[in-house]
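Work through the following exercises with the sequence and the structure at hand.

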Amino acid sequence: MPLDLPIAGAGSRALAGFLDYLVIGIAVVIWGIACIVGSTVGGRARWWMLALFLVGFFIIEYGYFAGVEVARAGQTLGKWALSLRVVTREGGRPGTAAFLIRNAVRSVDLVVGVPLIVMDPLARRLGDRLAGTLVVHTQAPTRETVVHRTPRGWNAQESALLENFLRRVSDLEPWRAERLARQLLTCIERDDPTMASEIDRSKDPVEALRRVLQAERM
């Protein structure tokens with residue numbers, strides 16, 4: 001589960017979608033005019049042009065979203081304008097297949113997408129659930145650091161784990177939070193005896209972890 005991704009909500013995604021459909025609308029109008037001109041040839045041409053218009057409409061809508069997201073690494077023009085991007089659940093770049101899958105059900109999401117986004121903690125529409133993707137803000141607001149120091153020898157990934165744990169601890173079930181905190185304290189005792197000596201064992205594991213990570217290093 002992503003721990004600290006700046007998930008985009010229904011409002012910003014709906015506005016990005018509105019901008020994208022403006023682009024699509026312009027392209028469809030141009031294609032429609034071309035088909036109307038072609039239908040004036042007479043005979044059965046009008047039926048062929050109607051069929052071409054419907055095929056072209058599908059290609060424009062699906063091709064725009066899927067093609068632009070693939071070409072721009074998860075950003076349509078609307079998402080770019082709103083500083084949004086499609087990522088994997090781990091925050092990485094999705095593969096081409098994921099972009100194709102999430103846009104294959106876009107027509108269904110025009111009906112059920114917003115309610116699904118509102119009800120889901122990760123704000124996923126149907127296409128996101130099928131493709132394993134999320135939509136996030138690319139310019140997240142700066143947040144206060146909750147970890148002031150890390151055990152000696154811990155790398156950036158391990159430090160991020162501590163930061164994410166303290167940010168999410170209130171969302172976890174108490175027994176799970178205590179178990180994870182106890183495991184992290186054990187790791188600190190193993191890797192940094194100096195910091196471990198400052199752990200207040202009279203406190204519960206979560207509070208003890210918070211205090212030792214937010215204290216100034218001696």
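**Exercise 1.** Determine how many of the five residues of strand β1 are buried, and state in which sense β1 and strand β2 pair.

*Solution.* The model is a predicted one. Strand β1 covers residues 84-88, and four of its five residues are buried, so that the strand is mostly covered. Next, consider the pairing: β1 and strand β2 (residues 133-137) pair in the antiparallel sense, over five bridges.

**Exercise 2.** Classify Cys35 and Cys187 as buried, partly exposed or exposed.

*Solution.* A residue is buried under 20% relative accessible area and exposed over 50%. Cys35 has a relative accessible area of 4% and is therefore buried. Cys187 has 24% and is therefore partly exposed. The count of disulfides is zero.

**Exercise 3.** Describe how helix α8 packs against helix α10.

*Solution.* Two packed helices are described by the angle between their axes and the distance between the axes. For α8 (residues 174-191) and α10 (residues 205-214), the angle is about 45 degrees and the axes are 8 Å apart. Therefore α8 is oblique to α10. Finally, the crossing in which α8 passes α10 is left-handed.

Methods. Residues numbered from 1 in each chain as written. Predicted model: local features only at pLDDT ≥ 70, side-chain atom pairs only at ≥ 80, totals over all residues. Heavy atoms only, no water. Buried < 20%, exposed > 50% of the residue type's maximum accessible area, 1.4 Å probe, protein only. Helix = DSSP H or I, 4+ residues; strand = E, 2+ residues; numbered from the N terminus. Pairing = 2+ DSSP bridges. Disulfide = S-S within 2.5 Å. Axes fitted to C-alpha atoms, helices over the stretch in contact; angles between N-to-C directions. Parallel < 35°, antiparallel > 145°, perpendicular 65-115°, else oblique. Left-handed = near helix turned anticlockwise from the far one by under 90°.
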